[in-house]
Amino acid sequence: MVVEVCSFFGVYLLYCTNPRYHGRVYVGFTVNPERRIGQHNAGKRRGGAWKTSGRGPWDMVLIVHGFPSDVAALRFEWAWQHPHASRRLTQVTRRTSKERQFDFHLRVLAHMLRTAPWCRLPLTIRWLKQEYHRDFPPGLEPPLHMPVAFGQVRAVRRTPGARGEPSQELPTTPKRCSICLKRFQDEEDTPLRCFHAGCSMAAHVVCLAQTFLQNEPDQFLPIEGQCPGCKNLVLWGDLVRHHKGCYGDLEADPTSSQEHWADELHYEGLSGNVSESISSPSVEEDHGNLSVEIVLP
């Protein structure tokens, strides 16, 4: 079964099956995995990367998705490509002569998923080809809120304002926040709502985040918390998925790469900063038809 994901941002790992270059790997970013692997195998004239052109065929074996924006995914990609240049990954030792590239990149990934700020994101680790599957090293397993999934994934477009299945009749949105009791201002001030049956909780993103972070005042991005309405324990990522109409997709679904829920929390003055104000010089990355400026982690 192919899982469909809206507003997809993913970072993938390629494995070369060409006998001449067998065992080589490549890390990249994509908003469309199906199209991207075709570009890699078609060569740089068809949109593939110059590092993979003429060295195929390549298998896309693993992808990490659920990033809140393209910039967040691109920063993750750069750090995975250059672990020894990233100040966040100083604990990662260099690859030994006996360690395969594939195993080394999985070891780097395992460290990244347990390192701030990535360790708090609602990411999914998806093995696209199960025959390449490896268990994470003992002690370096992903955080419990990051599922390890198997099977193909497809990026799809979600029409603006869509929520869940088209046939479902949505309940009326409450007019006041369940936490601060202030009125929701307009259509842009849409609340996060609990997805449990019978629960009418609706709250501002900032209000709910502050409630979830009462025991973690030094953090800015929640992982989980108790719903103020039904008192069930819920994952922050699940609330965001439900809010965006992609609750079954296993990842968050931002509608804008520059203004998303993490930015809203930051602007409201919560402590901490997911990007941690990087001071390294910026570089420009070109991924097929997408060209954006990113800041080195």
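**Note on the predicted model: salt bridges, strands and cores**

1. Arg100 is partly exposed, at 39% relative accessibility. Here buried means under 20% relative accessible area, exposed means over 50%, and partly exposed lies in between (1.4 Å probe, protein chains only). The side chain of Arg100 meets that of Asp103 in a salt bridge, at 3.4 Å from N to O. A salt bridge is a side-chain nitrogen of Lys or Arg within 4 Å of a carboxyl oxygen of Asp or Glu. Asp103 is partly exposed too, with a relative accessible area of 28%. Elsewhere, salt bridges with shared partners link Glu4, Glu34 and Arg154 into one network.

2. A word on the source. This is a predicted model: local features need pLDDT of at least 70, side-chain atom pairs count only at pLDDT 80 or more, and totals for chains, interfaces and linings use all residues. Residues are numbered from 1 along each chain as its sequence is written, and side-chain values use heavy atoms, leaving out hydrogens and water.

3. The structure holds 5 salt bridges. One of them joins Arg154 and Glu34, at 3.2 Å from N to O. Arg154 sits in strand β7 (residues 153–156) and Glu34 in helix α1 (residues 33–42), so the pair ties together parts 120 residues apart in sequence. Helices (H or I, at least four residues) and strands (E, at least two) are DSSP runs, numbered from the N terminus. Arg154 is partly exposed at 30% relative accessibility, and Glu34 is partly exposed at 38%.

4. Glu99 and Arg107 also form a salt bridge, at 2.9 Å from N to O. Both residues are buried.

5. Look next at strand β4 (residues 58–65). Of its 8 residues, 8 are buried, so β4 is largely enclosed by the rest of the structure. Strand β2 (residues 10–16) runs antiparallel to β4, joined by 7 bridges. Strand β5 (residues 124–127) is also antiparallel to β4, with 4 bridges. Two strands pair if DSSP finds at least two bridges between them. Ile63 of β4 is the bridge partner of Tyr12. In β5, the bridge partner of Ile63 is Arg126.

6. Now the cores. A nonpolar core is a set of buried Ala, Val, Leu, Ile, Met, Phe, Trp, Tyr and Cys residues joined through side-chain atoms within 4.5 Å. The largest has 57 residues, and those with the most contacts inside it include Leu13, Leu62 and Trp236. Another core, of 15 residues, lies apart from it; Trp58 is among its members.

7. Overall, the protein has 6 helices and 13 strands. Of its 297 residues, 49% are buried.
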